[in-house]
Amino acid sequence: MAVSHVFRNYLSKFNITTTRFFSRISSKGIQKQCPSFLYILGGSTTLIFAYKIKSNQTVYAAQPKNEEDVKAVKLTSREKRFIRFASVEYDGQLYMTPQDFLESVVEAEPRPRLKRKVLNQKELEKIREATPSLSQGSPRLFRSLRDKGIISYTEYLFLLSILTKPESGFKIAFNMFDTDGNQRVDKNEFLVMEKIFSHAWKGRRGMTNENEDVATIQEQYVDDEQGLQRKHIVDTTLIVHFFGPKGNSDLNFESFKKFMLHLQTEVLELEFNEFSKGLSTISEVDFAKILLRYTYLDTDEYDMYLDRLLDRIKDTKGITFEEFHVFCQFLNNLEDFTIAMRMYTLADHPISKDEFHRAVKICTGTNLTQHIVHTVFAIFDDDGDGLLSYREFIAIMKDRLHRGFKSYAKNEGWEAFKSCIKQEMKSPV
């Protein structure tokens, strides 16, 4: 096969032949560090090599030479992810289904599909009729709706906020729009509030960095002058769920709070069940894997955390869903915890288990079990002295909380490709 000199020269730095490289990825795969994506092997002219992990296929495609044939749009990491997982379309706008959303927050890649489904007006009406009222909400709402619903890009960002922000932020927002003090908002007020929370993702964590490659998108990007998917052409499933088929109901904070807790629980149940395999607990190692799964660590660093845990946890009791749920609720208050730790330790001083437990109680009002605290320290206590350097802990927990979006930019493109080669070529074939 023809391989560009750029790629061949890079492999030669590690004394690797192209034959050995392709043999390695075919037999061993690189799924551990890099999900399936395009590897650009040759500058701007010749060839794109796409290695599909899941299908075990190697596909070659000519790269377009005429730049006018391709509409290049600089997208944020969240816009890219929304485009990849959105499986339906209506009137030129892309939408996720409830199932798409759940998969986008727990899976690395979307499920295989030939193309997006283009909805018609009749199908939209069926979706509207199938949408349950707010009083019928449950921790299985999205799983029960499956593909019978539509979620816009703005709502996607808003739902991510629900998964990562404390209740207090939404309480303040409701009070800001609650002009008569009854803790209710109407549809138009909610859309403004939704946009404010969604915009926070773009400004703080969703922006593409200056060195990130420009994404090439053909017929997928909807440029509506307000950004991708920020116009409500139709009432989405979320709007109908909150405000009724006619959009004339009000939403009170207690009902919204219940929706928040249901969605958080639903996503956490999916993650927990992935490891529990039907049992009532997950192992301490599985708990560590969940914490580390969205963090950009090389293989040696990742194994170091797990080995450290295995060496220190002699009496394995397992982690219940309730323990896991309470810990993840604590992570939603991570910013408050960080401030509390800085105030308590004065100068970034490591903290003991008692200090950690007390700080969590102050920030969240809930108690972590001693076993969870012991497990966390077994993972993140660097030298085994019973103290936790909170900087390392918080850095990894932020990636966990935001489900890796801060590191997705690092996990794409040529730099990530080079990192994968280094990791996978460490041991002989």
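D147 is partly exposed, at a relative accessible area of 41%. On that scale, buried means under 20% relative accessible area, exposed over 50%, and partly exposed in between, with a 1.4 Å probe and protein chains only. D147 sits in the loop between α6 and α7. The helix and strand names come from DSSP runs, helices being H or I of at least four residues and strands E of at least two, numbered from the N terminus. The C-alpha atoms of D147 and V88 are separated by 9.1 Å, and the two residues are 59 apart along the chain.

Some housekeeping. This is a predicted model, in which local features need pLDDT of at least 70 and side-chain atom pairs count only at pLDDT 80 or more, while totals for chains, interfaces and linings use all residues. Residues are numbered from 1 along each chain as its sequence is written, and side-chain values use heavy atoms, with hydrogens and water left out.

Now to α7, residues 153-164. This helix has 12 residues and reaches 17 Å from its first C-alpha to its last, close to the 16 Å expected at 1.5 Å a residue. The expected span is 1.5 Å times one less than the number of residues. How many residues of α7 are buried? The count is 12 of its 12 residues, so the helix is mostly covered. Among them are Y153, E155, F158 and T164.

F158 also belongs to a cluster linked by ring pairs, together with F170, F174, F190, F242, F243, F253, F256 and F259. For pairing, the rings of Phe, Tyr and Trp (its six-membered ring) must have centres within 6.5 Å; planes under 30 degrees apart count as stacked, over 60 as edge-to-face, and the rest as tilted. By this rule there are 30 aromatic pairs. One of them is F356 with F393, an edge-to-face pair with 5.5 Å centre to centre and 80 degrees between the planes. This pair links distant parts of the chain, since F356 is in helix α16 and F393 in helix α18, residues 390-401, 37 residues apart. F356 counts as buried, at 0% relative accessibility. F393 is buried as well, with a relative accessible area of 0%.

Which residues of α16 are buried? They are F356, H357, A359, V360 and C363. These cover an arc of only 165 degrees around the axis, which puts them on the same side of α16; the arc is that of the directions from the helix axis to the C-beta atoms. D354 and I362, on the other side of α16, are exposed. After the helix comes G365, with a positive phi near 75 degrees.

Most residues other than glycine have a negative phi, and most peptide bonds are trans. D91 is not a glycine, yet its phi is positive, about 55 degrees. D91 is in the loop between β5 (88-90) and β6 (93-95), and at 58% relative accessibility it counts as exposed. K277 is not a glycine either, and its phi is also positive, about 55 degrees. K277 lies in the loop between α11 and β11 (281-282) and is exposed, with a relative accessible area of 67%.

Last, the cavities. On a 1 Å grid over the protein atoms alone, a cavity is a set of points where a 1.4 Å probe fits but cannot get out, and lining residues have an atom within 4 Å of a point. Points are joined across faces, edges and corners, and a volume is the space filled by probe spheres set on them. The structure holds 7 cavities of 30 Å³ or more.

The largest cavity has about 130 Å³ of space. Its lining includes L163, Q264, C328, N332 and R400. The elements that give two or more residues to this lining are α11 (253-276), α14 (321-331) and α18. By class, the lining has 6 nonpolar, 3 polar and 2 charged residues. Nonpolar here covers Ala, Val, Leu, Ile, Met, Phe, Trp, Tyr, Cys and Pro; Asp, Glu, Lys and Arg are charged; the others, Gly among them, are polar.

The second largest cavity has a volume of about 70 Å³. Among its lining residues are P98, L145, L159, H241 and F259. Both α6 (141-145) and α10 (237-243) supply at least two residues of the lining. Which classes make up the lining of the second largest cavity? It has 8 nonpolar, 3 polar and no charged residues.

Notes. On a 1 Å grid over the protein atoms alone, a cavity is a set of points where a 1.4 Å probe fits but cannot get out, and a pocket is an open set with protein on both sides within 12 Å along at least five of seven lines; lining residues have an atom within 4 Å of a point.
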